[in-house]
Amino acid sequence: MFIADYHIHTNFSSDARSSMEDMILSAANKGLKEIAITDHVDFCEYYDEPDCENYIITFNALKEKYSNKINIILGIEIGLENTISDKIDKFSAAYPFDFVIGSSHGVCGLDLYFDDFFKGKTKSESYNIYFEQMLKNIKTIKNFNVYGHIDFISRYGIYDDNSLHYLDYKDIIDNILKLLIETERGIEINTSGYRYNIDQTYPQYEILKRYKDLGGEIITVGSDSHNTKDIADHFDVAYDMLERAGFKYITLFRKRKPEFVKLADYR
Ligand SMILES: [Zn+2]
Ligand SMILES: [Zn+2]
């Protein structure tokens, strides 16, 4: 049994089809105690913004309707770009989100989904730029709780071998993890890689373990599901990794404040 899926998209995101109600029902049927709805907001070229007023009205109605089945948390996943840090901080402060995921979906205005960012760069050049911009995002943007899928770039590279090895980027990744810890923010384990035949979580185990060894405690687990069947997908793997890395707690959020739930109660 798993406690919570903290990364769920509904058809308020342009790349998801299932309704919020269907996602909630599916999560309840899978026995989850809690989910965070985290639809996309991206302000750059790869623009995506839900109708926030309607998003919150729909959320509130469904939270009430299913309150005896499952607890639902109002979240959002914001695409971070340090060139628009003020805009991002103002946006997340303007709405009553319980939980905010900040993610790198684009770097320097280029969507990682397309090849332009990678063209003309070696793998090490593009991956280093990705992490340097991530560090700058964490320095300049205050209003988010966990950094989403932090080594996600390995899903998109255009190289013969896109794999990313922690030791090759150790210094910059360590700086990212240390700054998140110092500023009382965390990371997530995102299980979506298994759906893209990548057979790994984001982050990979080595980075998760390093985060723990550096003192990291704030950790959420999310499927990044865009349809009902993927909710809580591969959470058994994620929980095993947490235990192996030495985590005793999983994090939930209330009004953007972390609360810690014993992992052993869900093993
Ligand atoms: Zn994302
Ligand atoms: Zn997502």
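**Exercise 1. Contacts and overall dimensions**

Find what share of the contacts with a separation of 6 or more comes from residues 24 or more positions apart, and decide whether the radius of gyration agrees or disagrees with a compact globule.

*Solution.* 
1. In this predicted model, residues 24 or more positions apart supply 77% of the contacts in the protein with a separation of 6 or more.
2. For 267 residues, a compact globule would have a radius of gyration near 18 Å. The protein has 17 Å, so the two values agree.
3. Taken along the principal axes, the box filled by the C-alpha atoms is roughly 50 × 40 × 35 Å.
4. Of the 267 residues, 44% are buried.
5. The secondary structure consists of 7 helices and 11 strands.

**Exercise 2. The two faces of helix α2**

Work out which residues of α2 are buried, which exposed residues lie on the face turned away from them, and what the buried residues pack against.

*Solution.* 
1. Helix α2 covers residues 52–65, which is 14 residues. From first C-alpha to last it reaches 20 Å, close to the 20 Å expected at 1.5 Å a residue.
2. The buried residues of α2 are Tyr-55, Phe-59 and Leu-62. Because they cover an arc of only 75° around the axis, they sit on the same side of α2.
3. The face turned away from this buried side carries Glu-53, Asn-54, Ile-57, Ala-61, Glu-64 and Lys-65, which are exposed.
4. The buried residues of α2 pack against α1 (20–29), β2 (34–41) and β3 (71–79).

**Exercise 3. The β10–β11 hairpin**

Determine the sense in which β10 and β11 pair, name the bridge partner of Leu-252, and describe the turn.

*Solution.* 
1. Strand β10 comprises residues 249–254 and strand β11 residues 257–262; they pair in the antiparallel sense over 6 bridges.
2. Within this pairing, Leu-252 has Glu-259 in β11 as its bridge partner.
3. The two strands form a hairpin with 2 residues between them. In the turn, Lys-255 has a positive phi of about 50°.

How values were computed
Residues numbered from 1 in each chain as written. Chains lettered and ligands numbered in written order. Predicted model: local features only at pLDDT ≥ 70, side-chain atom pairs only at ≥ 80, totals over all residues. Helix = DSSP H or I, 4+ residues; strand = E, 2+ residues; numbered from the N terminus. Expected span 1.5 Å × (residues − 1). Buried ≥ 20, exposed ≤ 12 C-beta atoms within 10 Å, placed from the backbone. Arc of directions from axis to C-beta. Contact = placed C-beta atoms within 7 Å. Pairing = 2+ DSSP bridges. Rg over C-alpha atoms; globule rule 2.2 N^0.38 Å.
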